[in-house]
Amino acid sequence: DLLDPSPLDVELGDIAHGLARVARWNGQTNGEHAFSVAQHSLLVDQALQMLMKHPDPKSSLYALMHDAPEYVIGDMISPFKSVVGGAYKEVEDRLQRAIHIRLGLAPDPDEKIRKLIKKADRIMAYFEAIALAGFDYDEANKLFGRPSGFTIDMFELSPLPTSEAQSLFIHRFEELRAKLD
């Protein structure tokens, strides 16, 4: 139910399966495989770890799940989200909260974590744009801002097969979840 999603309808396996098959950049990337939202989410978690210097497992889980609603609604490019407006964001936010609750997190991360995840997400968008989507540095700088203290070689940006991205996503989730117990 997109208007009133229930946490009981959310399954980690479905999230991992879906995100491993949703292509970032509308599939317009270099490589034999599409660059998946699952792989992007793992890299956002990695960037958050670098920003926070050993974040707590909950912060990393929020980072890993920052695009989780896309397992249901797909990855819409930002210009399209702007055209659609608030209705899209409302659906996305409802799904995000249901996912968080199902996975044992508060519905929303605190503001500090949310901002750091957004920063990590922009860092990865910058490097993905250059390494995968054909942007030059000037164009990426204008759209995302050049990340300070990060270089492209800090991240593995080769698109993975879906089964590998799915497996790595589940493994990272289980690793973080075990630290919470």
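Let's start at helix 3, where Asp56 caps the N-terminal end: one of its side-chain oxygens lies 3.1 Å from the backbone nitrogen of Lys58. This is a predicted model, in which local features need pLDDT of at least 70 and side-chain atom pairs count only at pLDDT 80 or more, while totals for chains, interfaces and linings use all residues. Residues are numbered from 1 along each chain as its sequence is written, and side-chain values use heavy atoms, with hydrogens and water left out.

Helices here are DSSP runs of H or I with at least four residues, numbered from the N terminus. Helix 3 covers residues 57-64, and seven of its eight residues are buried (under 20% relative accessible area, with a 1.4 Å probe and protein chains only). Among them are Pro57, Leu61 and Tyr62. What covers these buried residues includes helix 2, helix 6, helix 7 and helix 9.

Now follow helix 7, residues 111-131. At its start, a side-chain oxygen of Asp110 reaches to within 3.1 Å of the backbone nitrogen of Lys112.

Finally, look at helix 7 beside helix 8, residues 137-144: they pack at an angle of about 155 degrees, with axes 9 Å apart. The two are therefore roughly antiparallel (angles over 145 degrees). The contact (heavy atoms within 4.5 Å) includes Tyr126 of helix 7 and Phe144 of helix 8.

Definitions and conventions: The expected span of a helix is 1.5 Å times one less than its number of residues. A polar contact is a pair of N or O atoms within 3.5 Å; within protein, one must be able to donate a hydrogen and the other to accept it, and residues adjacent in sequence count only if both atoms are side-chain atoms. Buried means under 20% relative accessible area, exposed over 50%, partly exposed in between (1.4 Å probe, protein chains only). Axes are lines fitted to C-alpha atoms, for helices over the stretch in contact, and angles run from 0 to 180 degrees between N-to-C directions. Angles under 35 degrees count as roughly parallel, over 145 as roughly antiparallel, 65 to 115 as roughly perpendicular and the rest as oblique.
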